[in-house]
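Colleague: I would like to go through this model with you. Could you bring it up on the screen?

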Amino acid sequence: MATTDACSSAMSLIPRVRLVSVTGAKHREMGILRSSFVFFALGLLLTLSSASESEVDDETPFTYIEGTGKGPKEWGQIDPHWQACGMGKLQSPIDLLNERVQVFPNLGKLKRDYKPAPAVVKNRGHDITVTWKGDAGKININGTYYNLLQCHWHSPSEHTFNGSRYDLELHMVHLNSHEEIAVIGIVYKYGRPDPFLTKLLEHITVVGKEDTDLGVINPGIIKFGSRKYFRYIGSLTVPPCTEGVVWTIVRKVRTVSRKQVEALREAVHDGYEANARPTQQLDGRAVWLYTPGDNGGAA
Ligand SMILES: [Zn+2]
């Protein structure tokens with residue numbers, strides 16, 4: 001089975017160059033054109049991406065629309081490997097309800113050590129994904145290092161705060177040496193443009209299903225407060241909904257312009273403009289809020 005989603009399995013999270021599933025002839029043709037006539041090739045890329053819409057649909061056999069037979073309530077029945085989507089007890093996203101969280105003061109700010117690395121952007125049909133092809137650095141959670149692999153956007157936000165859904169959510173996907181996944185989620189409301197998206201906007205509007213080089217991208221330009229964050233154990237929010245994901249949701253709400261969210265929504269394929277999975281049952285799970293105490297205000 002074709003990999004449906006780079007977020008879908010630990011294996012597919014490993015950065016690699018992936019070939020488009022157009023015919024070999026078209027692909028070779030694209031290779032030649034890209035090396036010599038960049039603009040012409042970009043045009044061809046656009047043509048190919050719209051011409052091969054049905055192929056993208058085949059690679060993304062789930063939707064966010066209930067009643068289609070492939071909506072979120074049915075994800076668990078679409079593929080035997082996706083059963084966790086329906087039967088799992090540690091599913092994401094969730095509502096982060098104030099009364100439910102356990103506050104842990106001074107357990108440390110989020111330790112990140114990102115560095116610039118070559119990156120590509122691609123349209124996965126259901127979202128836009130930026131993948132780093134080199135060592136883009138890591139985060140440290142309870143002494144374990146997780147390397148940054150890729151990031152992608154959901155709009156509106158998937159996680160909700162006391163039932164409130166924000167306008168956008170960025171997921172930064174990391175993997176440790178045991179192929180365990182840690183995701184940092186950052187939510188945005190409409191306001192001033194987000195600097196990271198500003199840098200990527202021209203690429204997002206033309207990106208196809210093939211990797212498009214972005215040059216060197218410094219993940220450090222993705223701004224997020226590191227002092228207050230929610231932590232819980234959940235799952236991938238797209239099939240196969242793999243469980244055991246260490247979630248970190250930054251509490252500070254950042255801003256993004258309407259134009260930027262519209263660009264992301266226009267770039268993904270029809271029917272995926274809203275690509276947020278509904279919130280899932282907590283089923284007795286603990287949710288922690290890490291926050292500096294009275295004396296922990298440094299940094
Ligand atoms: Zn995601």
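Burial, confidence and strands

Modeller: This is a predicted model. Of the 299 residues of the chain, 39% count as buried.

Colleague: How many helices and strands does the chain have?

Modeller: The secondary structure comes to seven helices and 16 strands. Among contacts between residues at least 6 apart in sequence, 70% join residues at least 24 apart.

Colleague: What is the average pLDDT of the chain?

Modeller: The average is 81, and 77% of the residues score at least 70. Residues 1-58 have a pLDDT below 50, and in the model this stretch has 67 contacts beyond near neighbours in sequence. Over residues 294-299 the pLDDT is also below 50, with four such contacts. Where pLDDT is low, the predicted coordinates should not be read in detail.

Colleague: Turning to the largest nonpolar core, which residues touch the most other members?

Modeller: That core holds 60 residues, and those touching the most other members are Val121, Ile128, Leu168, Met172, Val183, Ile204 and Leu264. Strand 11, residues 181-190, supplies the largest share of this core, with seven residues.

Colleague: And what is Ile204 in contact with, leaving aside neighbours within four places in sequence?

Modeller: Ile204 is in contact with Val121, Ile128, Ala263, Leu264 and Ala267.

Colleague: Is strand 5 mostly covered or exposed?

Modeller: Strand 5, residues 128-132, is mostly covered, as five of its five residues are buried. Ile128, Val130 and Trp132 lie on one side and Thr129 and Thr131 on the other, and both faces are covered. In a regular strand the side chains alternate between the two faces of the sheet.

Colleague: Which strands is strand 5 joined to?

Modeller: Five bridges join strand 4 (residues 117-123) to strand 5, and the two run antiparallel. Val120 has Thr131 in strand 5 as its bridge partner. Three bridges join strand 5 to strand 7, residues 144-154, again antiparallel. There, Val130 stands opposite Cys151.

Colleague: What lies between strand 4 and strand 5 in their hairpin?

Modeller: Four residues lie between these strands, and in this hairpin Gly125 takes a positive phi near 90 degrees.

Colleague: How many bridges join strand 8 to strand 9?

Modeller: Two bridges join strand 8, residues 160-161, to strand 9, and these strands run antiparallel. The bridge partner of Thr160 in strand 9 is Arg165.

How values were computed:
Residues are numbered from 1 along each chain as its sequence is written. This is a predicted model: local features need pLDDT of at least 70, side-chain atom pairs count only at pLDDT 80 or more; totals for chains, interfaces and linings use all residues. A nonpolar core is a set of buried Ala, Val, Leu, Ile, Met, Phe, Trp, Tyr and Cys residues joined through C-beta atoms within 7 Å. A residue is buried if 20 or more other C-beta atoms lie within 10 Å of its own, exposed if 12 or fewer, and partly exposed in between; C-beta atoms are placed from the backbone. Two residues are in contact if their C-beta atoms, placed from the backbone, lie within 7 Å. pLDDT is the predictor's confidence in each residue, from 0 to 100. Two strands pair if DSSP finds at least two bridges between them.
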